[in-house]
Every structure is written in C-alpha cells, then in structure tokens.
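Me: I have a structure open and would like to learn how to read it. Could you take me through it step by step?

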Amino acid sequence: MACSAWLFGGYNPHRSALNIDHANENLYHFPVVCNQCENTYCAKVCPADAIYRDQETGAIVVDQEKCVGCKKEFCHEYCPIKVIHVDPFTRKAYKCDLCGGSPRCVESCPTGALELVVRVNTDQEEDR
Amino acid sequence: MNDGYMGKFLCVDLEAKTSLKLKVPDWLKQDYVGGKGFGAKLLSDLAPPGVDPLGPDNLLMFLTGPLCSTPAPAMRTCVVCKSPATHTFLDSYVGGRFGAEIKFAGYDGIIIRGTASDPVYLWIEDDRIEFRSAAKIWGSDALKANELIKQDLGHQEATVATIGQAGENGVLFSLICCEYNRQAGRGGAGAVMGSKKLKGIAIKGSQLVKVNRPDLFQQAVKKANRDIESAGDCSALTESGTSYAVPWSSSIGLLPYKNHSEQHDPKVNKIDDAAQDKHLFLGKSACFGCPIRCSQMGAVRTGKFASFVTDIIEYETVAMLGSNLAISNIRDIAYLNKLCDTLGMDSISAGAVIAFAFEAAEKELIQSPEKANLEFGSTKAAEHLLKSIALQEDELGKLLGQGVKKAAEQIGHDAPDFALHVKGLEIPGWGVKGSPGMGLAYATADRGACHQRGFPIGYEYGGALYKGEVVEPHSIEKKAEILIGDQNYLAGLDTLIKCDFGAFGVTAQSYIELLNAVTGLERPQSFIDELGERIWNLVRLFNLREGLDTGSDTLPAKLTGKALENGPLKGQRMKSEDLDLMLKEYYMIRNWDREGRPITKHLKQLGLNKERRFSIEKQLIAPENDEVKD
Ligand code: SF4
Ligand code: SF4
Ligand code: SF4
C-alpha cells in the first residue's frame, strides 16, 4: 500500500510493485519482490531500451519517457516472477525502484516482516 | 475530492440483473461516516417497513468506511441487512480483504436487492458487473465455492465472498465467508444471501484510495501502530489470538459450561492457547493490512479427523463448541469449527443450538436421532447435528436450524427457559452470573445477545478503570452508565470500521486523527461518541418500527435463575430484580421512556427528527457521467 502511494499517490496493492501470494487457505504467504536481476530479462526484451540500472541505488528502473507501453508488454511477459507491470491507466511500465534507495514497504511494515538486505555479489554488485 | 471515499455505491438488482451507481451524498458522509452509520441510514430509508428478511425486498449491504483500504491499522467491513433471526437491524463485521477490494473497485459499498430466478454469483471488476450462473456451484460448501468461482472466472487473484449449504437452505444463523477464515457470522446474513440465490461475490479493483492530507495521515498511522504495540492486549492477540482469553475466562469464572449451567470448565487446559499452540498452530495470518495479525493458521495433523488446515480456534468457538458442550479435545473442536466454516454457520449460535438440544434431550423433551446420542461431551452428536441442520435433512435439523428461540417455542414445556438467546440471537461465550454488566449488555445490545456492543467484563474483571476508578464486579451500580458509554463509543467506531481488537490499543484521539487526516475535516474527539449515540438511537427506531417488543430487553430464565454451584464465582447469580433496576436506569440515561422508546425531545437533540432520506432515484449517477473523479 505504501508502494502504490509512492508510485501513484493512492492506496491499492494491485497497483503496487510487489505481490504477496497466499496459499492453502492463507496458511502460507510469499512476498514476491523484484530481484533487481543481474541478468535483466525485462531490460533485454524492452524494444524501447527503457529499462536500465540506476547506478546510485542499484535498482532496475523504467525510464517513463522512453517506455512506449508496447502492446505485448514484453517486460511483464518475460519477467520470470511477473513483478513489472504496465499500468492500465498510464500505459507505462512500473516496477520496484527501491523507492530511490529507502523502500517505503520496509519503512511502513509495522511487523518488521520486510527488510532490505544488501547482497554483495562477487562482482560487488548490490542486489536485493 | 480526496477524502478516503470512493464517492459511489454499487446497487445491484438480482431480479432484473441490472446494476446502478449511486452517489454517496456529502450529508451522508458527514452525518453517518460509513459502516454501521451508512447501514443504519440506508436500511431505514430503503427497506420497506415490515420487510420479510428472507424476501426479495430485504437489502443485503457490504459497506466500508473512509479508513478502510488504507494503512490505518485493523479495519474491517460491515454487512448490514434485516436479520432473519431477530427481525431487527443486523450489522455483522468481517475482516479479510473483501471490503478492501470493494473500495479498490471504486465503491464505498454494495447494496443488493431482489432475488435471482436461478443461482448466480456476481463478478465485479471496477465498472464491469457480471451476473454469472452459479448452477454448478450451488450445493458446494463455502470454501469449495470460493475455489470453483475463481476457477470459473480464471482469476485466482479475485477476492471472493461465499455462502455454504446452510445459507442456501435458510438456516437462520448462517454466515458469509470471506476468504478464507473470515466470516460475517452472526445474525443470519448468509441466509439472506441464500434467499436471494446469490452464492458468491467475486471482486477485484484497480482504483486508488486517496487521502486528503497524506503527510498527516502517515503520522497518524504511525501513532496508531504505536498504540497497538504498547497495548498488552494487542500483543497477547499477536502472540496467540483470542485463544489467550480461554484460560483467563475460566479462571475468573465466566467460561460457559454445559449450556451455561456452570461458568468454569474443569478441563480447560485441554482447550486453551497452550493446547492450541501445541496441537494446531503453524504460522500467522492477518486481515488486510493489519499489524496485529491475530490469526494463527495451523493444521490438525493427528487424530480421527486428520488432516486439515485450520485457523485458530477463536475464544468464542472454544467456548461455544468446546466448554459449553463439555467437549475437551481441541482437535474435535477444530473439526466442528471447520464444519461450521465450510457448511457456513456461525459457530457461536451453532454451539448454542447444540447445547440447547443436548439439554432438551437430557430433559427428554426431544429424542436423540438414531445415529447419535444427544449428550454433553459427544463430538459425534455435535457433528451429526451440524450436518443435519446445514443440509436440512431431517425434522430435527429443520427444528434446530431456526435457532433456539423458535425451536423452543415449538418444543414447548419449559424449553424457552433454557433457550439462551436475546431477541432471537443466541448468547455467546461469556457467562453473566457474577457479571451484571454483561447481563445488561446482552439484554440491550441492538442486534440481540452480543458481546461486542459493550463488554463490561473488561471493567468488572479485566482491570479497566471507569473515569479513573476501579469498578466493583458484582455490584449493579454505574453499570448502565458504563455500558451506554461503551455502546456509543463502539457504534461510533463501527462507522470507521474498527476491528474490536484494534480498539484495544488505538486510542480515541488516534482514531480521530486518522479520520481527520483522511477526510480533511476537523472533528473533535467527542465526535465519535456523539455519532455513536445518534446511530444507536436510529437503530432503535428502526427496530421499533419493525415490531421490536421492548419486553425483549431481557435475559432468558436460566440465566436469572439459581446461583452457580461451582467454580470461582460459586454462589453468584444474576437476579432479575437487579436486571430490572439496571434496565430502568439504562432507559433513563438514554432518554428513552419506560417502554424503551426514544423520547421526541431527545431525537431532536440528536438531529434524528429532520427528514433527510436517502433515495435511490435522487442519487442515481447517469451512466454517461459514470467517471471516477480524482
Ligand atoms: S522486473 Fe523481473 S526481470 Fe526485471 S529486474 Fe525485476 S525480477 Fe528481474
Ligand atoms: S512496456 Fe515499456 S518498459 Fe515494458 S517492454 Fe514495453 S516499452 Fe519496454
Ligand atoms: S486484529 Fe485480527 S481480526 Fe482484527 S483486523 Fe487484525 S487480523 Fe483481523
């Protein structure tokens, strides 16, 4: 919810960049968040070259100017975990941009279930 | 305008298979806020007087409030209709995420009228409303129906509310199941839905809920979350849900045992929170956005009924399907609870009905069926009754499916004396002997015997102070005044729509700060109590209009009968003279006459005399301007 507020200025988890899947009558919950992949499928398939890695935050972000909202929604189609979406109203792709470095979901999670972990890869690339 | 509201009601006519969008007028938002307030006003104005609760003209409404679907902690949804059990106003609250989704679809509430010719379910996706055949889903249980509807739609991510067989068959205490283990349980809303041949509602929305002052709102949410963190009751709920109240209730002597014959269960350690933790709990779950997460999900892994997924066995369920039936195996109780959930019955009333049947059989007023001997302690008999009631298979099931009040009237003899209900709603899992305040709370609650409209036990035994002073548990002094304060305050919060457990922590000041930040209005803290009082009176007027007998503000004979013979409150009783005295005082403080009718002067003070009515025709939004304005 904090996520949709950051992206669109209002609350609706269907328009947030993370999914929480539930299974078995809500016995399990799986938060699904963008991996900020090293092998960035979404960026590779984008015909408009609109997706790039922000050097400061390490997040994979969508250049809203460049995104043409391609009909096939390639980025969504080829994201392995479907965490990049094309907004039905703006016709632009949106995804988790780590809120520019301090994720709102982590900040506003009252239960502490979410936290930002920095994974240091061999090539020193920061990831979630 | 950004004010937390979506600005529209969706009004569905099942008979004509049409839907309308209605404007939520500003005066309605200002005077009634949401939830219970909207429900009281809409039901009063839109339901024809004397409406048959199970007929096409009754309304079934799912209502939200301005704080729902925002990060404001512990908010729920409210289902309102005329109850088939009490023939009066019914507001039943449900968590989960169904209500949140109503707002995401762009509505502040859904109003359902008419009766479909064949079983249907509704599919609401923003502006698109589909009436879909439920022919293949009718007859399935509440959880299966959820699965079938999602399959039929091909939308796993839809949120679905369903009824089970009990609702289809008109059992007067059937519920509406909102995925998965959240139910609008009390008062028979499921039977109203069934009477409309509406098996389910699936909903999904893409609208944004916007608040007026986002920064202030953020702060208010943080503060409310801090209130919750620092409240002992809320941490206990996070730890073990409502099951933590089981040993407490038994130790103070209020846990009903054998149809309220005693208020203490000698085997309580087999059904308490520790037992549940050991045998059931695996992980947690919460309603939409709630930090308390009182739900403890688990599974029954061993024993006769293994294996199945179960939610926590809530306090009320342990009391009503456990101790009150003298059943002390937690897995058995989990199984009976699961039957109630899937068949679609309120476990409180279902438990009360079974206890009543056990006592009636003990007194030889009814005969046990061939397959099971009706006696306290028998899981088999309880299982048999639940199934025969929900499926309405035999005479006994048909008799008991009407609830204890009507069943007792048909049985005759002294059955009405131990049919434990007020106004047709069965008494829940807290004893009244030794807690006169609770007795008065049951007698006066607007929807019949309910423990959520005011809970004086919190003062009498829970250590809550009233105006800084300790409250003497056994005395009747000040009980009317304390109760009225709580009833008004809680009715006010039911417009927002608070979860009772959130209200254990979140303070009145924090609620008002949340509300003001969302709506952009400046309201004082006293607004909640005043609003609650107005709604409480409006509901009373509705109930009187629908033929409420004011003599029904009372308790059944068994509860005002002999003193307790065992347990911590041994020797305590609830005298009917005491109840009468408290009731007199209650009417006086409420400004009601001796018959319990609000006096005209007071109605004027509350602004309930002016005749502003909500009318569908006036609020109709023409389809061509059917746009959501940001
Ligand atoms: S959107 Fe999908 S593909 Fe792109 S970085 Fe995130 S997880 Fe990887
Ligand atoms: S929707 Fe936009 S970002 Fe995604 S692939 Fe198409 S052009 Fe690229
Ligand atoms: S406290 Fe429990 S019932 Fe209440 S909103 Fe939170 S999770 Fe739902």
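Reply: Happy to! Let's begin with one residue, F281(B), which lies in strand β13 of chain B. Keep in mind that this is a predicted model.

Me: Is F281(B) buried or exposed?

Reply: Buried means under 20% relative accessible area. F281(B) has 12% relative accessibility, so this residue counts as buried.

Me: Which residues does F281(B) touch, leaving out those up to four places away in sequence?

Reply: There are several to find on your screen: S240(B), S243(B), D273(B), Q276(B), Q296(B), M297(B), G298(B), R301(B) and I312(B).

Me: How far apart are F281(B) and S19(B), in sequence and in space?

Reply: They are separated by 262 residues in sequence, and their C-alpha atoms are 43 Å apart.

Me: Now the two chains. How do I describe an interface?

Reply: The size of an interface is often given as the accessible area lost when the parts come together. Here about 2100 Å² is buried between chain B and chain A, with carbon and sulfur atoms giving 60% of that area. Y180(B), L208(B) and V309(B) supply 24% of what chain B buries against chain A, more than any other three residues.

Me: How many residues does each chain bring to the contact?

Reply: Chain B brings 32 residues and chain A brings 18 residues.

Me: What polar contacts and salt bridges cross the interface of chain B and chain A?

Reply: The rule finds 5 residue pairs in polar contact, both residues being at pLDDT 80 or more. For salt bridges across this interface, the count is 0.

Me: Which elements of chain B give two or more residues to the side that touches chain A?

Reply: Look for α3 (98-104), α7 (214-229), β13 (281-285) and β14 (295-300) of chain B. Of these, α7(B) gives the most, with 4 residues. By class, this side of chain B has 13 nonpolar, 10 polar and 9 charged residues.

Me: Which residues surround ligand 2?

Reply: The list is C46(A), P47(A), I51(A), C67(A), V68(A), G69(A), C70(A), F74(A), C75(A), V86(A) and A93(A). Sorted by class, the shell around ligand 2 has 10 nonpolar, 1 polar and no charged residues.

Definitions and conventions:
Residues are numbered from 1 along each chain as its sequence is written. Chains are lettered from A and ligands numbered from 1 in the order in which they are written. This is a predicted model: local features need pLDDT of at least 70, side-chain atom pairs count only at pLDDT 80 or more; totals for chains, interfaces and linings use all residues. Side-chain values use heavy atoms; hydrogens and water are left out. Contact means heavy atoms within 4.5 Å. Buried area is the accessible area (1.4 Å probe) that two parts lose on being put together, summed over both. A salt bridge is a side-chain nitrogen of Lys or Arg within 4 Å of a carboxyl oxygen of Asp or Glu. A polar contact is a pair of N or O atoms within 3.5 Å; within protein, one must be able to donate a hydrogen and the other to accept it, and residues adjacent in sequence count only if both atoms are side-chain atoms. Ala, Val, Leu, Ile, Met, Phe, Trp, Tyr, Cys and Pro count as nonpolar, Asp, Glu, Lys and Arg as charged, and the others, Gly among them, as polar. A residue is near a molecule or strand if one of its heavy atoms lies within 4 Å of it. Buried means under 20% relative accessible area, exposed over 50%, partly exposed in between (1.4 Å probe, protein chains only).
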